[in-house]
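Please open the structure in a viewer and keep the selection tool at hand.

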Amino acid sequence: MNSKSNNNSGPSLSQYFANDPPSFFDELPSNKASISESTTNSQSHGSFIKSTATSNSLQSNAATITAQPTASTGATGNLASHTFSGGFKPPEYIENPSELEDDLKVPDQVRNFWEPAHTEPGVPPLLTMPGIQTANDLPDLIGAAVLEHLGNQELSLRKILTANNVTQDERGLRCLIAAGCYRAAVNLTGSLLTIYGQGYGRAGQPAKHSPHSLQLWFTRLALLAKLGEYELLQQEAEPFDLLNRSDVYYEFYPEMYPDKTGSIASFSFRLLLAELPIYLGNPQLALDRLSELYVICNEIKQYYNERQPPEAQEFWKKRELRVLHAIVNCALIMKKFNLIDDILRSMIFDRSDLSKEEKRALFSAWGRIYLQIGDIFGAEQKFAEARRLRKIYSQPDLRDLVDKGLITVAKNDFPEAYATFQKALHLESGNTMILNNMGVCLLYAGKLKDAINLFERAINLNPQKSLNESLLVNLSTLYELESNNSKNKKLNLLRLINRYKPDLNISLEICLKLQATN
């Protein structure tokens, strides 16, 4: 809900998805702890496969190793912390530690500030009337695959939480998401929303909205996006439009909220709905929505320019930046590199309040975008700017080494790139993004078995961390390159997934390329 700092009972997706790999821009908030956190959590999305416009296209392009492993070292990341792909991964903005927005304490009227929809006198207002669109719970897809390919005995070893194993409230919801049981969490949101009269069969029926109910909807829709359940996501998000109807504002309920004004829905909910067309293959519509959201944030920021409290303008400046980050990720999909250039240049050179580390992170992101379009010289210039902002006499850190490794890969010097990524791995042991990049180098250096051994060793050392989607796709692809009899090795991976992973964000058919049995 909007007033997170005052009410901790509602679900917070920053807490829920804290262990997911953050987007590159999550390094930029003024909360300094976020920079180190994004470094330690950036373990996931290097890959052989070059992703294209959307997450759906990622899945269709994940069948073969075809792309040159230049800057495209992430199958599912958007601007992932220490790799780069140009693809869109839903919805990683909620990993941002500043999502809680507790670093700036502002009154509710600042946090919730939003102009209500205009209604004509005497004309009944349009209402927001959502409802759950499926009568059944989301199934356990991993369990179904284990039963199909390995049988009941192996399935009996699967121990995961379900919605029935936790308290039927926000605490239970947090418990499920912290355990990575995202489908079960979706199922629990369905039960909780039913209590609000917004369950299955209630779409199109009037219902009162509250910060709690809207935060449950935000949680549910964000989870559906994360799981790739786009058809259900589209159906359930449609009644909310862009949260521009009068019944999602406090003014609509004067008896319930006599002293409150502004938006009941959180800003993150608005951002998610603006980005929604990206998941559905319409990035131009998303760009239009995000641009409109940016204009509104800028207007509110200007409104507070000479008004109290003094921290209000800074608060809305941070929200404005979050929208800019989303616009850059959307523009990447559309290959609008001139727009990205303009935005990043403005973010770096027009803002006097950025720290050196924040500017350094932006220059690094800028360089990886140049790699995406094949401009090695331009990338080297941006990486050099990033290095100049490093502390004097300090040793190269993880970002420096990965930047250097990406440049070296782009120049097809795979042994040197491997050595560079190996140095980076020494700084953060077990980082699967770096391991994926090392695997790319070994493969293109003709060392197929060494690449397989690298991935298998990483999984054996830390299966919970290393069994992520991109590494699974890559290892399965390597198994197929190694032998026509790769099925048994893939089934061994399925056994590990069964025991260590409650959910995956893309299907097992994509991750392991296991054909359904007849």
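A disulfide is defined here as a pair of cysteine sulfur atoms within 2.5 Å. This is a predicted model, in which local features need pLDDT of at least 70 and side-chain atom pairs count only at pLDDT 80 or more, while totals for chains, interfaces and linings use all residues. Residues are numbered from 1 along each chain as its sequence is written, and side-chain values use heavy atoms, with hydrogens and water left out.

**Cysteines**

By the sulfur rule, the count is 0 disulfides. Select C181, which takes part in no disulfide: the nearest cysteine sulfur belongs to C175 and is 8.0 Å away. C181 has a relative accessible area of 3% and is therefore buried; buried means under 20% relative accessible area, exposed over 50%, and partly exposed in between, with a 1.4 Å probe and protein chains only.

**The nonpolar core**

A nonpolar core is a set of buried Ala, Val, Leu, Ile, Met, Phe, Trp, Tyr and Cys residues joined through side-chain atoms within 4.5 Å. In the largest such core there are 134 residues, and F269, W316, F421, I434 and L512 have the most contacts inside it. Helix α13 (residues 311-334) supplies the largest share of this core, 13 residues. Helices (H or I, at least four residues) and strands (E, at least two) are DSSP runs, numbered from the N terminus.

Next, select F421. Which residues does F421 contact, leaving aside its neighbours within four places in sequence? They are V402, G405, L406, V409, I434, N437, M438 and C441, where contact means heavy atoms within 4.5 Å.

Move to helix α10 (residues 230-237), where Y230, L232, L233, E236 and A237 are buried. Viewed down the axis of α10, its buried residues fall within an arc of 160°, so they line one face of the helix; the arc is that of the directions from the helix axis to the C-beta atoms.

**Aromatic pairs**

Rings of Phe, Tyr and Trp (its six-membered ring) pair if their centres lie within 6.5 Å; planes under 30 degrees apart count as stacked, over 60 as edge-to-face and the rest as tilted. The whole structure holds 18 aromatic pairs. Select Y250 and Y257: the ring centres are 4.9 Å apart and the planes stand at 80°, so this pair is edge-to-face. Both Y250 and Y257 are buried.

F349 and F363 also form an edge-to-face pair, with 6.1 Å centre to centre and 75° between the planes. F349 belongs to helix α14 (residues 337-349) and F363 to helix α15 (residues 356-372), 14 residues apart. Is F349 buried or exposed? With a relative accessible area of 54%, F349 is exposed, whereas F363, at 5% relative accessibility, counts as buried. Finally, show W114, F267, F315 and W316, which ring pairs link into a cluster.

**Backbone details**

Most residues other than glycine have a negative phi, and most peptide bonds are trans. Between Q308 and P309, however, the peptide bond is cis, with omega about -5°; P309 lies in the loop between α12 (283-303) and α13. D241, not a glycine, has a positive phi of about 50°. This residue, D241, sits in the loop between α10 and α11 (267-279) and counts as partly exposed at 31% relative accessibility.
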